[in-house]
Amino acid sequence: MVRLIRPHPGQETILRNEARFRVVACGRRFGKTEIGKIALLERAVRGGRGWWLAPTYGMAAQVWRDLRAACAGISGVRASERERRLDLPGGGLIAVRSAHRPDLLRGMGLDFAVLDEAAFMTPDVWPQIVRPMLLERQGGALFLSSPNGRNWFYELFALAQSGALGWAAFHFTSYDNPLIPRAELDAIRRATPERVWREEYLAEFMAESGQVFRSVRA
């Protein structure tokens with residue numbers, strides 16, 4: 001048995017969508033990481049091979065622990081702590097990787113990839129590393145992030161919004177998580193600079209903000 005939370009309505013909207021490539025711009029604490037874990041596990045239990053990618057090794061650590069715990073009830077699952085890899089019965093595979101050094105990611109063909117905090121990865125990770133890995137198996141991808149200026153993630157979101165075949169775009173603010181009291185977010189807004197509030201919590205793509213906040217977020 002796989003153990004995961006029950007998704008809230010906004011998360012369900014994304015998970016039910018069948019587009020091959022889904023781009024999700026969302027505010028802090030919306031619950032994007034849970035979406036990725038559910039989507040990745042659903043593929044793996046059906047025999048799919050998937051990767052979870054995060055900008056840094058440290059950001060991937062908690063997701064690895066969560067995925068390992070979620071699969072603990074599956075009979076026959078094999079976990080490799082060194083490789084951060086789960087091999088499921090039926091051929092399914094989950095690997096958790098850092099995008100900090102993209103060239104080290106080249107390798108196997110994938111059925112699915114989750115790019116968590118995609119806006120904070122270097123722009124070559126998707127077109128040069130991950131996209132080719134999806135070719136032979138015609139795999140899909142889920143891009144999850146709060147905005148980081150109008151960088152490559154913004155361009156990908158615009159592509160998905162344009163109605164490009166196989167792409168879907170989603171936008172949710174922190175208010176769209178029903179588990180967060182609205183008053184709590186209102187209190188944060190009163191103590192947060194406007195630009196930070198709009199980008200981090202309302203998931204707006206702010207011009208020329210990427211360079212300003214990139215080192216802070218990293």
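This report walks through a sheet, a helix and a few residues of the structure above.

The model is predicted, so local features need pLDDT of at least 70, side-chain atom pairs count only at pLDDT 80 or more, and totals for chains, interfaces and linings use all residues. Residues are numbered from 1 along each chain as its sequence is written, and side-chain values use heavy atoms, with hydrogens and water left out.

Let's start with an open sheet of 8 strands, whose order is 3-4-5-2-6-7-1-8 and whose pairing is mixed. Strand 3 (78-80) and strand 8 (167-172) each have a single partner strand, so one side of each is left without a neighbour in the sheet. From one strand to the next, the twist averages 10°. Strands here are DSSP runs of E with at least two residues, helices are runs of H or I with at least four, and both are numbered from the N terminus. Two strands pair if DSSP finds at least two bridges between them. Strand 2 (residues 49-54) runs parallel to its partner strand 6 (residues 112-116), with 4 bridges between them. Glycine 50, for example, has phenylalanine 112 of strand 6 as its bridge partner.

Helix 1 (residues 9-16) lies across strand 1 (21-26), strand 7 (140-145) and strand 8, at about 175° to strand 8. For such angles, axes are lines fitted to C-alpha atoms, for helices over the stretch in contact, and values run from 0 to 180 degrees between N-to-C directions.

**Two residues and their partners**

Lysine 32 belongs to helix 2 (residues 32-45). Among the residues that lysine 32 touches are Cys26, Asp116 and Leu144, where contact means heavy atoms within 4.5 Å.

Glutamate 204 sits in the loop between helix 7 (194-201) and helix 8 (210-217). Its contacts include Pro147, His171 and Arg198. The C-alpha atoms of glutamate 204 and histidine 171 are 8.9 Å apart, although 33 residues separate the two along the chain.

Both residues make side-chain polar contacts, shown below. A polar contact is a pair of N or O atoms within 3.5 Å; within protein, one must be able to donate a hydrogen and the other to accept it, and residues adjacent in sequence count only if both atoms are side-chain atoms.

| Side chains | Polar contact |
|---|---|
| Lysine 32 and aspartate 116 | 2.8 Å |
| Glutamate 204 and arginine 198 | 2.7 Å |

Buried means under 20% relative accessible area, exposed over 50%, and partly exposed in between (1.4 Å probe, protein chains only). Lysine 32, at 11%, is therefore buried, while glutamate 204, at 27%, is partly exposed. Cysteine 26 is buried at 1%.

Technical notes
Lists of a residue's contacts leave out its neighbours within four places in sequence.
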